[in-house]
Amino acid sequence: MKKIQEITRSLEVDAGPDVCYAVVCDIPGYLSWFRHVKSLDIKERDGEGRPARVSFTFDLLIKKGLQIVLVYEYDDDGRTLMFRSGGGNIAGASGYYHFKELSPGRSRFVFRVKVDFGMLLPEALVEFLSGSVLDDFMAMVKGECERRAACT
């Protein structure tokens with residue numbers, strides 16, 4: 001049985017880190033490419049007008065209508081978007097998106113997440129569901145980054 005899941009994934013993207021970082025920081029844009037996001041509501045903005053606290057409704061393999069509030073911190077110089085949960089249907093979550101230049105027009109995308117489900121679940125189920133959801137998410141981020149890079 002497992003209550004907490006920590007996962008780190010990385011992959012290479014045919015887009016520069018600035019393009020990729022802009023994709024994940026464009027939180028309202030998630031509605032156009034992140035197919036599991038059914039709705040979002042920006043509750044607070046930071047001093048630069050960027051979303052700082054966002055309420056999401058997700059339809060995932062593990063639950064339809066999953067409500068999660070995420071609080072964001074931006075590290076523009078490090079091209080890292082950090083998040084932590086601030087309410088919703090899960091006990092807790094934290095993590096980050098990070099983009100590092102490999103060569104011009106190419107990046108390494110690293111995503112790390114720690115989720116506290118708030119209850120014990122069978123380990124095989126947690127591994128399958130979180131792995132499947134995360135792999136799907138990574139593919140969506142990669143696809144959107146490469147699509148935007150091709151448009152520039």
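Is Thr-80 buried or exposed? Select Thr-80 in your viewer and take a look. Thr-80 is buried, because its relative accessible area is 10%, and buried means under 20%. Keep in mind on this tour that you are looking at a predicted model.

**Stop 1: around Thr-80**

Thr-80 belongs to strand S5. Show the side chain of Thr-80 together with the backbone of Gly-78: a polar atom of that side chain lies 3.0 Å from the backbone oxygen of Gly-78. Next, bring up the residues that Thr-80 touches, leaving aside those up to four places away in sequence. Among them are Tyr-21, Glu-73, Tyr-74, Tyr-96 and His-98.

**Stop 2: Arg-79**

Now select Arg-79. You will find Arg-79 in the loop between strand S4 (64-75) and strand S5 (80-88). Arg-79 counts as partly exposed, because its relative accessibility is 25%. Have a look at the backbone here too: phi of Arg-79 is near 50°, a positive value in a residue other than glycine.

**Stop 3: Tyr-74 and a charge**

Tyr-74 came up among the residues touched by Thr-80. Select Tyr-74 again, this time with Arg-50. The charged end of Arg-50 sits over the ring of Tyr-74, 4.1 Å from the centre of that ring.

**Stop 4: Val-71**

Move on to Val-71, which is found in strand S4. Is Val-71 buried or exposed? Val-71 counts as buried, because its relative accessibility is 12%. Not counting residues up to four places away in sequence, Val-71 touches Ala-52, Arg-53, Met-82, Phe-83, Arg-84 and Gly-86. To try out the distance tool, pick the C-alpha atoms of Val-71 and Ala-149: these two residues are 27 Å apart in space and 78 residues apart in sequence.

**Stop 5: the aromatic rings**

How many aromatic pairs does the count come to? The count comes to 13 aromatic pairs. One of them is formed by Phe-83 and Phe-111, a stacked pair with 6.0 Å from centre to centre and 20° between the planes. Phe-83 lies in strand S5 and Phe-111 in strand S7 (residues 106-121), so the pair ties together parts that are 28 residues apart in sequence. Both Phe-83 and Phe-111 are buried.

To finish, select Tyr-30, Trp-33, Phe-34, Phe-56, Phe-58, Phe-83, Tyr-97, Phe-111 and Phe-137, which form one aromatic cluster.

Methods:
Residues are numbered from 1 along each chain as its sequence is written. This is a predicted model: local features need pLDDT of at least 70, side-chain atom pairs count only at pLDDT 80 or more; totals for chains, interfaces and linings use all residues. Side-chain values use heavy atoms; hydrogens and water are left out. Helices (H or I, at least four residues) and strands (E, at least two) are DSSP runs, numbered from the N terminus. Buried means under 20% relative accessible area, exposed over 50%, partly exposed in between (1.4 Å probe, protein chains only). A polar contact is a pair of N or O atoms within 3.5 Å; within protein, one must be able to donate a hydrogen and the other to accept it, and residues adjacent in sequence count only if both atoms are side-chain atoms. Contact means heavy atoms within 4.5 Å. Rings of Phe, Tyr and Trp (its six-membered ring) pair if their centres lie within 6.5 Å; planes under 30 degrees apart count as stacked, over 60 as edge-to-face and the rest as tilted. A charge sits over a ring if NZ of Lys or CZ of Arg is within 6 Å of the ring centre and within 35 degrees of the ring normal.
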